[in-house]
Amino acid sequence: MTRLGLVAGAGAVLLAAASAGIVATTVSGRSTPRQLNSVLAPRPPTSGPATAPHSPDPQTSPSTAAQVAHAPGLGMGDQGATVTTVQQRLAELHYDVGSVDGQFGPGTEQGVLAFQKVMGLARTGRATDDVVAALAGAGPPPALVPGGGADRVEIDLPRQVLFLYRGGSLARVIMISSGSGRHYCEKGLCGDALTPGGSYHVGTKIRGLHISPLGQLWNPLFFNGGIAIHGSPSVPTYPASHGCVRIPMSDSEWFFEQVSSGTPVYVVGGPRAPVPFNTPAPAAPATGSQAGPSTPTTAPPAPTTTARPNTTTTSTPPSSTTSSTSPH
């Protein structure tokens, strides 16, 4: 029995079903909502002699018991058929989990976080009861700007996710962290960390590491002055950047290759509402700044041998009212 046997909630239910051989897959190896529901369905009680209740070890202290307790659901380090089922379902809904290999690693955690953001669930990165139940009946997220073009990027600021469309179909859902909204003064630069809403196009693309006045940008795609979509080793579950749209490092190279210069970018939920191109834009609000940080775009830096860092996620916003010197 692996650690999965100790996982509470949905993980324990799914593991029991997998061990009993009732986790069905299709011919292609992908699960369906009906199959996930069958995993969640209650099992009839088994007949047999009652088992005597377990007596706690008198030598086990409350502090020791707390140390062996596990967080609910499936999370980092878990593995097995149940994890594979969750990964398959997320991949079917176009959430990036990395490899569907039964290993709950950073890619799976980021896919779960993106799904939790879209569905309005607690942003824990764990496949808990509510996540598994939502996966069973979920469909792909609806488009934010349906008339925005066959190839486009949609950025949902309230939910902190990005949708990439290719050929009119949803290709991938990616978790993001956008402008924190705080005022900052760093390295002689002061401004408000905003990611303005509106309709834009991808302009300059820089492969690899780019050093901006406010931090490091990996594979940035600039779409609004100095504001870019770029990979970052820090993508918390809340808005934390100086105005750029951070995406996980594991997605940044793929995203850079998939999105070409000129691709429309629609930022939804900011002070301006985006509209499809070739349609009238809404009037600007009477108050409030429309401009985000004006980080200048520079020429691509010389090739670097700096190793690409991994992405970490945090779920608690800092209490300080001043931005740190973390990546842009």
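**A tour of the salt bridges**

Select Arg89 to begin: with a relative accessibility of 5%, this residue counts as buried, where buried means under 20% relative accessible area, exposed means over 50% and partly exposed lies in between, computed with a 1.4 Å probe on protein chains only. The model is predicted, so local features need pLDDT of at least 70 and side-chain atom pairs count only at pLDDT 80 or more, while totals for chains, interfaces and linings use all residues. Residues are numbered from 1 along each chain as its sequence is written, and side-chain values use heavy atoms, with hydrogens and water left out.

Helices (H or I, at least four residues) and strands (E, at least two) are DSSP runs numbered from the N terminus.

Next, select Asp151 and Arg166, whose closest N and O atoms are 3.8 Å apart in a salt bridge. This pair links distant parts of the chain, from the loop between helix H6 (129–137) and strand E1 (152–156) to strand E2 (residues 161–166). Asp151 is partly exposed at 36%, and Arg166 is partly exposed at 35%.

Finally, select Arg172 and Asp251, a salt bridge at 3.1 Å that joins strand E3 (residues 169–175) to helix H7 (residues 249–258) across 79 residues.

Definitions and conventions. A salt bridge is a side-chain nitrogen of Lys or Arg within 4 Å of a carboxyl oxygen of Asp or Glu.
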